[in-house]
Amino acid sequence: AADQVRTIQSEGGEVSMTVHHLQSVGSTQDEARRLLSAEDDWSPDAKHSCLAVSASEQTKGRGTSGRDWIGRRGNAFVTVCVPSSCIVSIPLTLLPLKVGIVV
């Protein structure tokens, strides 16, 4: 379970993001997958909702080519999930700007 959960919305309210922050987690990506598989736990309208999982410490992360990714406190560990329905209408190069609007 998350230590803190916060939901934020874009100004127009068309997109929301639920942010789960944990003090320590095995992998932010694994936690995001778990939350997505239990959609009702994190989002009332998953079709237009983004999900972010952040942690102060990551103990079992994965890097490229199967390398371990151990994240010690003092760094930021974040996985962001954006439904394809939110990005289909914009060029992929504008995605960071669109995400910035939500955040």
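Biologist: What makes the link between the side chains of Ser-54 and His-21 a polar contact?
Modeller: This is a predicted model, and in it the distance between the two side chains is 2.7 Å. A polar contact needs N or O atoms within 3.5 Å, with one able to donate a hydrogen and the other to accept it.

Biologist: Why is Ser-54 called buried?
Modeller: Its relative accessible area is 14%. Buried means under 20%, so Ser-54 qualifies. Ser-54 sits in strand β3. Leaving out residues up to four places away in sequence, Ser-54 touches His-20, His-21, Leu-22, Thr-28, Phe-77 and Val-78.

Biologist: Why does Thr-79 count as buried?
Modeller: Thr-79 also has a relative accessible area of 14%. That is under the 20% limit, so the word applies to Thr-79. Thr-79 belongs to strand β6.

Biologist: What joins the side chains of Thr-79 and Thr-28?
Modeller: A polar contact of 2.6 Å. A polar atom of the Thr-79 side chain also lies 3.3 Å from the backbone nitrogen of Gln-29. Both Thr-28 and Gln-29 are among the residues in contact with Thr-79, as are Ala-32, Leu-51, Ala-52 and Val-53, with neighbours within four places set aside.

Biologist: What caps the N-terminal end of α1?
Modeller: Ser-27 does. One of its side-chain oxygens lies 3.3 Å from the backbone nitrogen of Gln-29.

Biologist: How do you know that the buried residues of α1 line one face of the helix?
Modeller: Start with the list: Thr-28, Glu-31, Ala-32 and Leu-35. Seen down the axis of α1, these buried residues fall within an arc of 100°, so they line one face.

Biologist: What covers the buried residues of α1?
Modeller: The cover includes β2, β3, β4 and β6. The helix α1 lies across β2, β3 and β6, and runs at about 145° to β3.

Biologist: What makes up the largest nonpolar core?
Modeller: Six residues: Leu-22, Ala-32, Leu-35, Leu-51, Val-53 and Cys-81. The elements giving two or more residues to this core are α1 (28-37) and β3 (49-55). Apart from it lies another core, of five residues, including Ile-8, Val-15, Cys-50 and Ala-52.

Biologist: Why are such residues found together?
Modeller: In soluble globular proteins, nonpolar side chains tend to be buried together.

Biologist: Which residues does Val-53 touch?
Modeller: With residues up to four places away in sequence not counted, Val-53 touches His-20, Leu-22, Thr-28, Glu-31, Ala-32, Leu-35, Phe-77, Val-78 and Thr-79.

Biologist: What is the order of the strands in the open sheet?
Modeller: The order is β1-β2-β3-β6, and the pairing is mixed.

Biologist: What makes β1 and β6 edge strands?
Modeller: β1 (4-9) and β6 (77-81) each pair on one side only. Neighbouring strands of this sheet are turned by 15° against each other on average, direction ignored.

Biologist: How do you know that β2 and β3 pair?
Modeller: Two strands pair if there are at least two bridges between them. Strand β2 (residues 16-22) and β3 have seven bridges, in the parallel sense, so they pass. Met-17 stands opposite Cys-50 in β3.

Biologist: How do you know that β4 and β5 pair?
Modeller: Apply that rule of at least two bridges. Strand β4 (residues 58-62) and strand β5 (residues 68-71) have three bridges, in the antiparallel sense, so they pair. Gln-58 has Gly-71 of β5 as its bridge partner. The hairpin of β4 and β5 has five residues between the strands, and in it Ser-65 takes a positive phi near 55°.

Biologist: Why is Val-82 called partly exposed?
Modeller: Its relative accessibility is 29%. Partly exposed lies between the buried limit of 20% and the exposed limit of 50%, so Val-82 falls in that class. Val-82 lies in the loop between β6 and α2 (84-87). Val-82 and Ser-49 are 33 residues apart in sequence, and their C-alpha atoms are 7.3 Å apart in space.

Biologist: What is the secondary structure of the chain?
Modeller: Three helices and six strands. Along the sequence the pattern is β-β-α-β-β-β-β-α-α. Buried residues make up 34% of the 103 residues.

Key
Residues numbered from 1 in each chain as written. Predicted model: local features only at pLDDT ≥ 70, side-chain atom pairs only at ≥ 80, totals over all residues. Heavy atoms only, no water. Core = buried A, V, L, I, M, F, W, Y, C linked by side-chain atoms within 4.5 Å. Buried < 20%, exposed > 50% of the residue type's maximum accessible area, 1.4 Å probe, protein only. Helix = DSSP H or I, 4+ residues; strand = E, 2+ residues; numbered from the N terminus. Contact = heavy atoms within 4.5 Å. Axes fitted to C-alpha atoms, helices over the stretch in contact; angles between N-to-C directions. Arc of directions from axis to C-beta.
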